[in-house]
Amino acid sequence: MNNFILSAFADEIDKDLTVQMDVLDSHKIKHIEMRGVNGRNITEHSLNEVREIKKQLDARGFALSAVGSPIGKIKITDDFLPHLDLFKHTLEIAQIMETKYIRMFSFFVPQNGAITLYKDEVMERLEKLVDASFGSGVTLLHENEKEIYGDTPARCLEILQTFPQIRATFDPANFIQCGVDTLKAFETLEDYVDYLHIKDARKSDGAVVPAGAGDGNIAEILRRLKRRGFEGFLSIEPHLADFDGFAGLEGGKFAAVNVVNSQIDKFAIAANALKNILEEEVL
């Protein structure tokens, strides 16, 4: 679809990789932002297991748009050294998977008005991640997750300006759930955006809804990207139901929208909502 390449968090379809690929094939999507596969996060697999997963992907003509890692999604007060080791393992996974992107975060910080007190520690940890990735050919993509240091456009920009090696994954729903206007956020971060998560949400209650049904201004953001000549991935992250692992991702804070019972049907709703926006409003 023009310069937009569709990808998806396939673990919201099913734990099993074969089922994931079957469903994505039915939607003519050949990329995966791999987070959960065969019941575990991809970063929890051994390198030999990763090689076997890569063989399965290759046999079906699939590739990874990014490693959907949990790097940086720990408390700023948690021990960092084991996490740095996990990151080095994740770098090896990305290289085996032949993807140039690893999704990452900037650490959960106390939400008590003292966020800036943790700036130095956040930046020191990010610097160690950047240093570890040097020469790997991998680009780190910072996602604006709720309640991490980089959950506002201003602090995202601070990270991206400090570390040119880090680029942005723009997640509209996460900004909405932080009370941020997505168009203003996009205007602030546009020059750094290499990747998008297609996830919409309502301002009224933070509930995740299909693209275009919320307040994420997804169609307008995509139009602006098209005018810019953007070439990159739109990664569908439905969050439309309590898929295995959803509670851990959202912390139970925001309601998911139960549209239908089948995860496969829910993914279809999310995918078709994006395709409708692209076909009717953007392309």
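An α-helix has 3.6 residues a turn, so residues three or four places apart point the same way. Just after helix 8, Gly229 has a positive phi of about 85°.

This is a predicted model, in which local features need pLDDT of at least 70 and side-chain atom pairs count only at pLDDT 80 or more, while totals for chains, interfaces and linings use all residues. Residues are numbered from 1 along each chain as its sequence is written, and side-chain values use heavy atoms, with hydrogens and water left out.

The whole structure holds 25 salt bridges, each being a side-chain nitrogen of Lys or Arg within 4 Å of a carboxyl oxygen of Asp or Glu.

| Pair | N to O distance |
|---|---|
| Arg60 and Asp25 | 3.0 Å |
| Glu98 and Lys54 | 2.7 Å |
| Lys73 and Glu145 | 3.1 Å |

Glu98 lies in the loop between helix 3 (81-97) and strand 6 (101-104) and Lys54 in helix 2, so this pair ties together parts that are 44 residues apart in sequence. Glu98 is exposed (over 50%), with a relative accessible area of 63%, whereas Lys54, at 10%, counts as buried. Separately, Asp11, Glu12, Arg35, Asp171, Lys199 and Glu237 are linked in a network of salt bridges.

How values were computed. Helix = DSSP H or I, 4+ residues; strand = E, 2+ residues; numbered from the N terminus. Buried < 20%, exposed > 50% of the residue type's maximum accessible area, 1.4 Å probe, protein only.
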